[in-house]
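Take a walk through this protein model. Keep the structure in view as you read.

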Amino acid sequence: MSGGSSVMVNALDLQSFILRARVLKLYRQALKIAHRAPPQARGELKQSIRQEIEKNSECKDKQKIRYLISEGLERIKQLDEMLDMQGH
């Protein structure tokens, strides 16, 4: 019986690992896009991105993490489009 529960624990760990990887990918994408911002705004934008990631770093609710990732993807898409329109 205990073998079945360890499989469940490993599955949850894998799910957590995958979510963590998605968060890190989102963070890297956001910083890459922020690097295109005008130099005077770049530092503040990168700091804001880092604060958003850190603010939710203790979240263990996988459903909420998925929501935050999708919200983050939408926000960096908007930032990317805004920078494109401004010619950056």
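This is a predicted model: local features need pLDDT of at least 70, side-chain atom pairs count only at pLDDT 80 or more; totals for chains, interfaces and linings use all residues.

The largest pocket holds about 840 Å³ of space. In total, 27 residues line the pocket. Find its centre first: Val23, Leu26, Glu52, Ile53 and Asn56 are the closest lining residues to that point.

Which helices build the lining of the largest pocket? Three of them supply at least two residues each: H1, H2 (39–55) and H3. The largest share comes from H3, with 9 residues. Now sort the lining by class. It has 15 nonpolar residues, 5 polar ones and 7 charged ones.

Next, turn to the largest nonpolar core. It has 10 residues. Leu26, Tyr27, Ala30, Ile33, Ala34 and Ala37 are among them. H1 provides the largest share, 5 residues.

What does isoleucine 76 touch, leaving out residues up to four places away in sequence? Its contacts are Leu26, Gln29, Ala30 and Ile33.

How confident is the predictor, and where? The protein chain averages a pLDDT of 89. Of its residues, 86% score at least 70. Among the elements of the chain, H3 has the highest mean pLDDT, 96. H1 has the lowest, 82.

Definitions and conventions
Residues are numbered from 1 along each chain as its sequence is written. Side-chain values use heavy atoms; hydrogens and water are left out. A nonpolar core is a set of buried Ala, Val, Leu, Ile, Met, Phe, Trp, Tyr and Cys residues joined through side-chain atoms within 4.5 Å. Buried means under 20% relative accessible area, exposed over 50%, partly exposed in between (1.4 Å probe, protein chains only). Helices (H or I, at least four residues) and strands (E, at least two) are DSSP runs, numbered from the N terminus. Contact means heavy atoms within 4.5 Å. On a 1 Å grid over the protein atoms alone, a cavity is a set of points where a 1.4 Å probe fits but cannot get out, and a pocket is an open set with protein on both sides within 12 Å along at least five of seven lines; lining residues have an atom within 4 Å of a point. Grid points are joined across faces, edges and corners, and a volume is the space filled by probe spheres set on the points. Ala, Val, Leu, Ile, Met, Phe, Trp, Tyr, Cys and Pro count as nonpolar, Asp, Glu, Lys and Arg as charged, and the others, Gly among them, as polar. pLDDT is the predictor's confidence in each residue, from 0 to 100.
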